[in-house]
Amino acid sequence: MAATVKYDDVETGQEIPAVEYQVRRVDLVRYAGASGDFNPIHWNERYAKAVGLPDVIAHGMYTMAQGGRFVTDWAGDPGAVVEYGVRFSSMVVVPDDDNGATIRISGVVEEKREDKRVVVALTAKSGDSRVLSKARAVVQLS
């Protein structure tokens, strides 16, 4: 599979529209099973509050994965992402209700390289908090 976004159609400074991802407690339990990270701060409200957290929080790597999902959905091919890195800057607090939390991710093409690669800078927020910082992906376009 090849990226569906074409290098010639992308410009530096081009914005990638925001997408919202819902995070519910059941998502965290599923992620814990898939990742093997069963830390109770990610599923047990009583424990999370006992250690000083406001509530259950999403796994940092789960949050990072949503950024990766955003980029791969934009590119049209998961294999097009050749580099990806973030720093965790805030928590995604996930209340125990039908809505959970929302992670809103947007992007901008920060750089075009000569090898048909682009650097995409991501902004990821939950509420008013930026949850990922220095989030960048290098994407190989066709």
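Select V139 first: leaving aside its neighbours within four places in sequence, V139 is in contact with V71, W74, A75, A80, V81, K116, R117, V118 and V120, where contact means heavy atoms within 4.5 Å. The model on display is predicted, so local features need pLDDT of at least 70 and side-chain atom pairs count only at pLDDT 80 or more, while totals for chains, interfaces and linings use all residues. Residues are numbered from 1 along each chain as its sequence is written, and side-chain values use heavy atoms, with hydrogens and water left out.

**The nonpolar core**

Next, select W74, V118 and L141 together with V139. Of the 34 residues in the largest nonpolar core, these four touch the most other members. Such a core is a set of buried Ala, Val, Leu, Ile, Met, Phe, Trp, Tyr and Cys residues joined through side-chain atoms within 4.5 Å. Buried means under 20% relative accessible area, exposed means over 50%, and partly exposed lies in between (1.4 Å probe, protein chains only). Which elements give two or more residues to this core? They are strand 1 (15-23), helix 3 (60-75), strand 3 (101-112), strand 4 (117-126) and strand 5 (129-140). Helix 3 gives the most, with six residues.

**The whole chain**

Now colour by secondary structure. Three helices and five strands make up the elements of the chain, and from the N terminus on they run β-α-α-α-β-β-β-β. Helices (H or I, at least four residues) and strands (E, at least two) are DSSP runs, numbered from the N terminus. Along the principal axes, the C-alpha atoms fill a box of roughly 50 × 30 × 25 Å. Of the 142 residues in the chain, 40% are buried. Among contacts with a separation of 6 or more, 68% are between residues 24 or more positions apart.

**Salt bridges**

Turn to the charged side chains, and select R25 and D55. Their side chains meet in a salt bridge (2.6 Å, N to O), defined as a side-chain nitrogen of Lys or Arg within 4 Å of a carboxyl oxygen of Asp or Glu. R25 lies in helix 1 (residues 25-35) and D55 in the loop between helix 2 (45-50) and helix 3, so the pair ties together parts that are 30 residues apart in sequence. Are R25 and D55 buried or exposed? Both R25 and D55 are buried.

Move to E110 and R136, whose side chains meet in a salt bridge (2.9 Å, N to O). This pair links distant parts of the chain, with E110 in strand 3 and R136 in strand 5, 26 residues apart. E110 counts as partly exposed at 37% relative accessibility, and R136 likewise counts as partly exposed, at 34%.

Then select R117, one of the contacts of V139. R117 forms a salt bridge with D115, the closest N and O atoms being 3.9 Å apart. R117 is partly exposed at 25% relative accessibility, and D115 is partly exposed with a relative accessible area of 42%. The count for the structure comes to nine salt bridges.

**An exposed loop residue**

Finish at D98, in the loop between strand 2 (81-88) and strand 3. D98 is exposed, with a relative accessible area of 70%.
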